[in-house]
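User: I would like to go through the labels used for this model one by one, with the criterion behind each set beside its value.

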Amino acid sequence: MHDPSTLAFELKFPWRKYGRKGRNRFERTYRETFLTIWHKDPYLKGDDDSCGWFMRSRHGKKEVMERIVKRFDFDWDRSFEHGGSTYYTHLFFDKTAGLSCGYPAMSVAGITLNLFFSAAMEHFDDGKEKWERARKLARKFMQKHLFEILFFAENPVDSLHVSICNLYHGDVGPERRKERIEEFASIVYGWILRATRPWYKHPRWHINHWRVRVEPITLLKRYLFSRCQKCGK
């Protein structure tokens with residue numbers, strides 16, 4: 001279990017601790033903390049992020065997640081017949097080289113954009129919006145977050161490139177098909193939830209979960225009552 005408390009707000013003294021006597025810019029501008037407000041997660045059902053401080057797919061709607069999985073499943077490796085020939089419109093597998101090769105038939109950026117747009121369509125199509133309205137909202141979302149999505153697709157630190165190209169998981173045959181579809185749906189849906197959540201719905205505004213701590217009092221308690229485990233002083 002992780003610590004369910006997360007720092008929500010921090011109030012500092014109006015004056016600087018060192019002022020002009022500071023040795024560098026940090027010390028000259030440093031102000032000590034007077035009050036900290038912590039968000040303590042209620043730890044519902046054994047989840048130490050039940051409020052969704054860092055939103056994941058489990059914090060969204062279950063029915064939307066199921067629709068995204070179904071949509072990814074449809075686009076994963078579908079094909080169609082025309083004129084006696086088979087054409088593949090799949091996202092991930094080059095079937096001419098065999099299903100187990102795992103080589104993406106489209107570029108990593110193209111696959112990522114396709115996944116995000118498909119998931120965004122299901123996210124905005126909540127039953128209250130018409131299909132054209134949901135499509136318009138999804139396109140607006142894609143335009144607003146285009147840079148972040150493409151950077152998430154391919155960057156040198158943390159991206160979807162490794163997962164899409166399946167560099168470290170070996171065989172990507174039918175036995176792992178469902179697992180990989182659900183994995184991508186969970187990643188993309190969680191990303192969309194974090195990007196579309198209004199600021200006032202963030203858990204830091206859950207006042208009933210606040211825990212306030214006055215830092216000078218905490219320091220005084222440590223000074224008066226805390227003792228060194230080794231020497232007792």
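User: What makes α4 and α5 roughly perpendicular to each other?

Analyst: In this predicted model, the axes of helix α4 (residues 131–144) and helix α5 (residues 146–153) come within 4 Å and cross at roughly 70°. Axes here are lines fitted to C-alpha atoms, for helices over the stretch in contact, with angles running from 0 to 180 degrees between N-to-C directions. Angles under 35 degrees count as roughly parallel, over 145 as roughly antiparallel, 65 to 115 as roughly perpendicular and the rest as oblique, and α4 and α5 are therefore roughly perpendicular. On the α4 side the contact (heavy atoms within 4.5 Å) is made by Phe141, Met142, Gln143 and Lys144, and on the α5 side by Leu146, Glu148 and Ile149.

User: How are the residues of the contact of α4 with α5 divided by class?

Analyst: There are 4 nonpolar, 1 polar and 2 charged residues in it, where Ala, Val, Leu, Ile, Met, Phe, Trp, Tyr, Cys and Pro count as nonpolar, Asp, Glu, Lys and Arg as charged, and the others, Gly among them, as polar.

User: Why do β1 and β5 stand at the edges?

Analyst: The open sheet has 3 strands in the order β1-β2-β5, with antiparallel pairing, and two strands pair if DSSP finds at least two bridges between them. β1 (5–12) and β5 (210–214) each have a single partner strand, so one side of each is left without a neighbour in the sheet. Neighbouring strands of this sheet are turned by 25° against each other on average, direction ignored. Helix α8 (residues 215–225) packs on the sheet, where it touches β2 and β5, and its direction makes about 65° with that of β5.

User: How do you know that β1 and β2 are paired?

Analyst: β1 is joined to strand β2 (residues 33–40) by 7 bridges, the two running antiparallel, and the criterion asks for at least two. One of the partners can be named: Lys12 is bridged to Thr33 in β2.

User: What makes a set of residues a nonpolar core, and which residues have the most contacts inside the largest one?

Analyst: Such a core is a set of buried Ala, Val, Leu, Ile, Met, Phe, Trp, Tyr and Cys residues joined through side-chain atoms within 4.5 Å. The largest has 34 residues, and those with the most contacts inside it are Ile68, Phe72, Phe116, Phe124, Phe141, Phe184 and Ile192.

User: Which cautions apply to these values?

Analyst: Because the model is predicted, local features need pLDDT of at least 70 and side-chain atom pairs count only at pLDDT 80 or more, whereas totals for chains, interfaces and linings use all residues. Side-chain values use heavy atoms, with hydrogens and water left out, and residues are numbered from 1 along each chain as its sequence is written.

How values were computed. Buried means under 20% relative accessible area, exposed over 50%, partly exposed in between (1.4 Å probe, protein chains only).
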